[in-house]
Amino acid sequence: MSSLFANKVVAVTGAGSGIGRAISLGLARQGATVHLADRNAEGLTETADLIGAEDGKATITELDVSSENELAGWIEQIGSTSGRLDAAFNNAGITGPAKRIEDYPLEEFRRVIAVNLQSVFLGMKYQIPLMKRGGAGSIVNTASVAALTGPGGMSAYAASKHGVQGLTRVVAMENAAHGIRVNAIAPGWTETPMVAANSKQNPGFAALAQNAIPAKRGGTPEEIAAAAIWLASDAASYVTGHMLTVDGGMTIGGFEL
C-alpha cells in the first residue's frame, strides 16, 4: 500500500458514487482518514463499506452541500474529531436538465448553480481556516470539460463549471503564501451514474461526445481519481491555480488523418 496520505485527514463531497467514491477509495488505500459527505445515504454507506473491507478509515455524513449550515457543521465536526484537515475534494455535482436557454427553468438553473458552484465556494470558505490552523493543505475542485466548452442544452452546468475554475484560481491566489494549494480537475466523458443518466435524457450529446473522444472510450472514475489524488499530494507541491483536463483528448480539437 502506498502511503502518500498516511496519517492525513481528507474530506470528500459527492463520495456516494462515481468519481467521489473512486477518490475516497484511492485516498484510503494511501493511508488517509477520509471524511465522506453526500446526500445519498445508501451510496455513502456502500463507499464506507468498500473502504472498511480494505481496513481503511472512513466516517460518513449525509448532507446537502449547498447548505451553508450543513457544510459548515460538517467541517467543524472534522475539526473536532480529527483536529485538522490536510486535503479536501469538492466533488459533488449534478448535470441539470438538457434544455435550450429559452426553455431552461430558473429554479433548475439555481439548483445546478447551488449544488455545483455554491457548494465549492462554501466548501473552501470553511476548509481554508481549518487548513490554516495546520499550516498547510491542498484542495481539489471538480470542474469539467464544460469549463472549457459550451455544450448545447447545458447552460447551468457549463456556467457552474466555468465558475468552479474561476473560484479555484482566486482561492489559489489568496492562499499560495499560506502553504495551501488549490487546483481543479476537468474530467471529460466519464463512466459514472450521473453521466449515464444524462446520456439517457440527451442521447445526441452522448453519441457526439463519445465519437469526439480521440481515445475512443470514456474514462473510468479511477482514472479521474488518480489525477485528482496526484494534484492533492505532495508530488504536485509546486502546482496551484491549475485546472487539469483528464478527457482522453476530447478537448484537443482538430481532426485525425
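**Entry 1**

I started at Ile 139, which stands opposite Val 182 in β6. I took helices (H or I, at least four residues) and strands (E, at least two) as DSSP runs, numbered from the N terminus. Strands count as paired if DSSP finds at least two bridges between them. The model is predicted, so I noted its limits: local features need pLDDT of at least 70, side-chain atom pairs count only at pLDDT 80 or more, and totals for chains, interfaces and linings use all residues. Residues are numbered from 1 along each chain as its sequence is written, and side-chain values use heavy atoms, with hydrogens and water left out.

I then looked at the whole β5–β6 pair. Six bridges join β5 and β6 in the parallel sense. From β5 the chain crosses through helix α5 (residues 155-175) to β6, and this β-α-β crossover is right-handed. Right-handed here means that, with the strands pointing away from the viewer, the path from the first strand over the helix to the second runs clockwise.

On the β4 side, β4 and β5 pair in the parallel sense over four bridges. Asn 90 has Asn 141 in β5 as its bridge partner. The chain goes from β4 through helix α4 (residues 106-134) to β5, again as a right-handed β-α-β crossover.

Buried means under 20% relative accessible area, exposed over 50%, and partly exposed in between (1.4 Å probe, protein chains only). Gly 137, Ile 139 and Asn 141 point one way from β5, while Ser 138, Val 140 and Thr 142 point the other way.

**Entry 1: the whole sheet**

I traced the strand order next. The open sheet has seven strands in the order β3-β2-β1-β4-β5-β6-β7, with parallel pairing. β3 and β7 (243-246) stand at the edges with a single partner strand each, so one side of each has no neighbour in the sheet. From one strand to the next, the twist averages 15°. Axes are lines fitted to C-alpha atoms, for helices over the stretch in contact, and angles run from 0 to 180 degrees between N-to-C directions.

I went to strand β2 (residues 33-38) and strand β3 (residues 57-62). They run parallel and are joined by six bridges. Leu 36 stands opposite Ile 60 in β3. Asp 38 has Glu 62 in β3 as its bridge partner. With helix α2 (residues 41-53), β2 and β3 make a right-handed β-α-β unit.

I checked Thr 47, found in helix α2. Thr 47 is buried at a relative accessible area of 0%. Leaving aside neighbours within four places in sequence, its contacts (heavy atoms within 4.5 Å) include Ala 15, Arg 21 and Leu 36.

**Entry 2: β1 and helix α1**

Helix α1 (residues 18-29) lies across β1 (9-13), β2, β4 (87-90) and β6 (180-187). α1 runs at about 170° to β1.

Is Val 12 buried or exposed? Val 12, found in strand β1, is buried at 0% relative accessibility. Beyond four places in sequence, Val 12 is in contact with residues including Ile 23, Leu 27, Leu 36, Trp 74 and Phe 89.

Most residues other than glycine have a negative phi. I noted two exceptions. Asp 55 has a positive phi of about 65°. Asp 55 lies in the loop between α2 and β3 and is exposed, with a relative accessible area of 71%. Lys 216 also has a positive phi of about 65°. Lys 216 lies in the loop between α7 (203-212) and α8 (221-232), and counts as exposed at 54% relative accessibility.

**Entry 3: the chain overall**

I counted eight helices and seven strands in the chain. The radius of gyration is 17 Å, close to the 18 Å that the globule rule gives for 257 residues, so the chain is as compact as a globular protein of that length. That radius is taken over C-alpha atoms, and the rule is 2.2 Å times the number of residues to the power 0.38. Buried residues make up 51% of the 257. Of the contacts with a separation of 6 or more, 74% are between residues 24 or more positions apart.
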